[in-house]
Amino acid sequence: MKKSYELLATLAAILTLSSAHGQTAATNPEAPGDGALSTTIKLAPKIDKVGKWLEDLSITPRILQTNNGSAGSLGVGYSFSVKPVSKIEKVDEIGGPATGNIKMYSFELTANGLYAAKPEVNTGNVIDTSASGTYLILQNGIYAKTAFSGAYSRQQGNDTHASRWEISQGLGTWLPKFNNVELLGRLALARVNPIKDGARKMALGEALKSYQRLEFEGVAVIPINAGALQKVELRHLQFKEPNAPDKVRAAGLNSFKISSIYFRLSNSLFVAYSKGGVPADRKNSQVLQLGWSSSSL
Amino acid sequence: MATNPGTSPSTFAWKQNLACVSCFKTLAVLGQFDEAKLKFEKAGDKKLSDLNYFLQSSDSPQLLEMSALLLTQQYVKYISTHYVLAAQKTGIKWTDVQLAMLPVLKDKTKTISALAEVIDGLLKFADE
């Protein structure tokens, strides 16, 4: 509670300071809500590194005007970014043997939006926010990273809103005693917004809605460095929708998997073979970029 | 030593000094390329995306970061025990070197020379 008071005191001080240093009138093309014909009176410029963890803050009173002749509105645009947790532990002094071990974690939150006295004039979002956090450990050839991210936006005066989120766990290891083989994997649970998925829309027979999906990917990197063969990569990618509607399940759209084997030759050529498929929004995950490849679906 | 690594134009030159040789040797020892097929003189122009840690079968940025960071650990373990080193500035630790290497290792347009330049910007080798 005490910290909340400190924050409010800091905000008040910022506004007072900004007013005392003079106000300028300017059009702000980056402000939220520029879908409406608007004029901005810029009161407080963007402020960096406010306090201990408030990265930046901007509060901008605005006059919103419509282009259909109806009365305008007063509004307030805002944006801020906080990073209350961010730490990297550094242990190895240069001059001695390094372990290469790292531990780092961070959390940050950003938000911006535009509030109008007359909601019907506000064509921007009243809130548009995102948050993310990571915890990473690299120790003795083993990598582990836990991460989450999320975003939420909402328009003013109606129920139009959107959200997305993802939590993920990465795990990998480097094996010096096994010819520097690498084993890498990641598992994620995400809310997917299927904007362009004709097959899913046809199966459902209705407008597309967001849904939750599990995603797993594993890759083994095997250096060879002998003859014409530089390395081999084995990859498996799998998607599963845990609570898929019956119609999606019946159409076989609730689960996808693809497996690939990739031979890297000298002179950047490769030979690859893939079997399986991926969801419509991840078609790029199926593409191998150079050389030539053979694919069987 | 490089001047302000990462800024352009670069004054860093790929040549027979410890900054470049150590980078070449360490990557070779870590199995990133076949030393019999890549001569030192041409290695500076070699794209990092041609090395073995750089994933080709997956486009996942998370897995690429994982692979790159694992490489930085093996890299600093090797270079710290095989080359006499000091930091360019007081307070720099091996973690700083690893985190400076990371964005270069993830950039498919960068070369081995660019990696050596970033490392050289933080470390002082015996011949400097």
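Predicted model: local features only at pLDDT ≥ 70, side-chain atom pairs only at ≥ 80, totals over all residues.
Which elements of chain B are included in what covers the buried residues of α5(B)?

View 1. Helix α5, residues 112-120 of chain B, is mostly covered, with 9 of its 9 residues counted as buried. These buried residues run from B:I112, B:S113, B:A114 and B:L115 through B:A116 and B:E117 to B:V118, B:I119 and B:D120. In answer to the opening question, what covers them includes α1 (18-29), α2 (40-43), α3, α4 and β2 (123-125) of chain B. For the reader who is tracing the helix by eye, an α-helix has 3.6 residues a turn, so residues three or four places apart point the same way.

**View 2. The contact between chain B and chain A.** The contact takes 57 residues from chain A and 46 residues from chain B. Of the area that chain B buries against chain A, 17% is supplied by B:N52, B:Q56 and B:S57, which is more than any other three residues supply. Chain B and chain A together bury about 4000 Å², and 55% of this area lies on carbon and sulfur atoms.

View 3. Between chain B and chain A the count is 4 salt bridges. A salt bridge joins A:K145 to B:E65, whose closest N and O atoms are 2.9 Å apart.

**View 4. The side of chain B that touches chain A.** On this side of chain B, α3 (61-82), β1 (85-87) and α4 (94-106) each supply at least two residues. The largest share, 15 residues, comes from α3(B). When the residues of this side are divided by kind, 21 are nonpolar, 17 are polar and 8 are charged.

**View 5. Paired strands β5, β6 and β7 of chain A.** Strand β5 (residues 73-89) and strand β6 (residues 102-116) of chain A pair in the antiparallel sense over 13 bridges. Within this pairing, A:V85 has A:F107 in β6(A) as its bridge partner. Strand β6(A) is also joined by 11 bridges to strand β7 (residues 125-139) of chain A, and these two strands likewise run antiparallel. Here A:L109 stands opposite A:A131, which belongs to β7(A).

Conventions:
Residues numbered from 1 in each chain as written. Chains lettered and ligands numbered in written order. Heavy atoms only, no water. Contact = heavy atoms within 4.5 Å. Buried area = accessible area lost by both parts, 1.4 Å probe. Salt bridge = Lys/Arg side-chain N within 4 Å of Asp/Glu carboxyl O. Helix = DSSP H or I, 4+ residues; strand = E, 2+ residues; numbered from the N terminus. Nonpolar A, V, L, I, M, F, W, Y, C, P; charged D, E, K, R; others polar. Pairing = 2+ DSSP bridges. Buried < 20%, exposed > 50% of the residue type's maximum accessible area, 1.4 Å probe, protein only.
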